[in-house]
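Below are some remarks for a colleague who will be working with these coordinates.

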Amino acid sequence: MKEKFDELIALLKPLFKDNGFSKSALNFYKNTSNFIYVVNFQKSSGNSSEHTRFYINCGIYGSFIEATLGKEALSKPKEYECHFRARAHEISKTALAHYEIEPDSDMAKIYENIANELNLIFKFFEQSSQEENLIELMLEQNGLTAINQLYEYLLIKDKSEILISHAKMLYAKHGSEARWEKFQNQINELLRKHKKDEINFKE
């Protein structure tokens, strides 16, 4: 089934190219001044000669975040290195969670389904073209990882009120967990570093 999978990727390549993406292995990248959009095809580790399962992963990498933090931005981030990550079906809301290729698979139908799904993803990327779009996505979906990814950026940009609101939301969700103290200390350490008042989460 590897051959059919490779043929499918080759068939999809023009669609990516028409939407400004270039191919690198099983990753497709689109670069703008502030963003790198990533679509990754991930093959399952349990595949065989008669069966291929694969997933479509999507990511948005904000070069502007790294620049603000004084870090060197990645030129070709992997999907798992992106600031926002989601499986394709989580974005399109209509797609399959994964795809299967077997000897009797209708490859034309699989191509059609994926092409439709990709067009929805490209539209989502287009709608996420401003800095605030990525910030909102990260705050909404990244949970506790947003502390490491985003909080210092918000402080440098003098947006501490967004940080405080999000931190209190995290406390409401995770405050009863044993690990919360570590995150609380991390948040307040960042606030002290930037000469901001600490948060009293128990108020």
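1. A nonpolar core is here a set of buried Ala, Val, Leu, Ile, Met, Phe, Trp, Tyr and Cys residues that are joined through side-chain atoms within 4.5 Å. In this structure, which is a predicted model, the largest such core has 56 residues, and those with the most contacts inside it are Val39, Phe41, Tyr151 and Ile187. Helix H4, which covers residues 107–127, supplies the largest share of this core, namely eight residues. Another core, of five residues, lies apart from it and has Tyr29, Ile36, Val38 and Tyr61 among its members.

2. Phe41, one of the residues with the most contacts inside the largest core, deserves a separate look. When residues up to four places away in sequence are not counted, Phe41 touches Phe5, Ile9, Leu12, Phe16, Leu26, Phe28, Phe54, Tyr55 and Ile56.

3. Which residues of helix H5 are buried? In this helix, made of residues 131–141, the buried positions are Asn133, Leu134, Ile135, Leu137, Met138 and Leu139. Just after H5 comes Gly143, whose phi is positive at about 55 degrees.

4. A polar residue in a strand is the next topic. Asn57 is found in strand S4, residues 52–62, and it counts as buried because its relative accessibility is 4%, where the cut-off is under 20%. The side chain of Asn57 makes a polar contact with the side chain of Arg87, at 2.5 Å. Leaving out residues up to four places away in sequence, Asn57 touches Val38, Val39, Asn40, Gln42, Glu79, Ala86 and Arg87.

5. How many disulfides does a search of the whole structure find? The search finds zero. The sulfur of Cys58 has its closest cysteine sulfur in Cys82, and because the two are 9.6 Å apart they are too far from each other for a bond, the criterion for a disulfide being sulfur atoms within 2.5 Å. Cys82 is accordingly in no disulfide, with the sulfur of Cys58 as its nearest cysteine sulfur. Both residues are buried, Cys58 having a relative accessible area of 0% and Cys82 one of 3%.

6. Ala25 has a positive phi of about 55 degrees although it is not a glycine; Ala25 lies in the loop between strand S1 (22–24) and strand S2 (27–31), and it counts as exposed because its relative accessibility is 57%, the cut-off being over 50%. Lys195, likewise not a glycine, has a positive phi near 55 degrees. Lys195 is placed in the segment after helix H8, residues 180–193, and at 77% relative accessibility Lys195 counts as exposed.

7. Glu102 and Thr52 are 50 residues apart along the sequence, while the distance between them in space is 6.7 Å, C-alpha to C-alpha. Glu102 is found in the loop between strand S6 (99–101) and helix H4. Is Glu102 buried, partly exposed or exposed? Its relative accessibility is 35%, so Glu102 counts as partly exposed.

Notes. Residues numbered from 1 in each chain as written. Predicted model: local features only at pLDDT ≥ 70, side-chain atom pairs only at ≥ 80, totals over all residues. Heavy atoms only, no water. Helix = DSSP H or I, 4+ residues; strand = E, 2+ residues; numbered from the N terminus. Buried < 20%, exposed > 50% of the residue type's maximum accessible area, 1.4 Å probe, protein only. Contact = heavy atoms within 4.5 Å. Polar contact = N/O pair within 3.5 Å; in protein donor to acceptor, adjacent residues only side chain to side chain.
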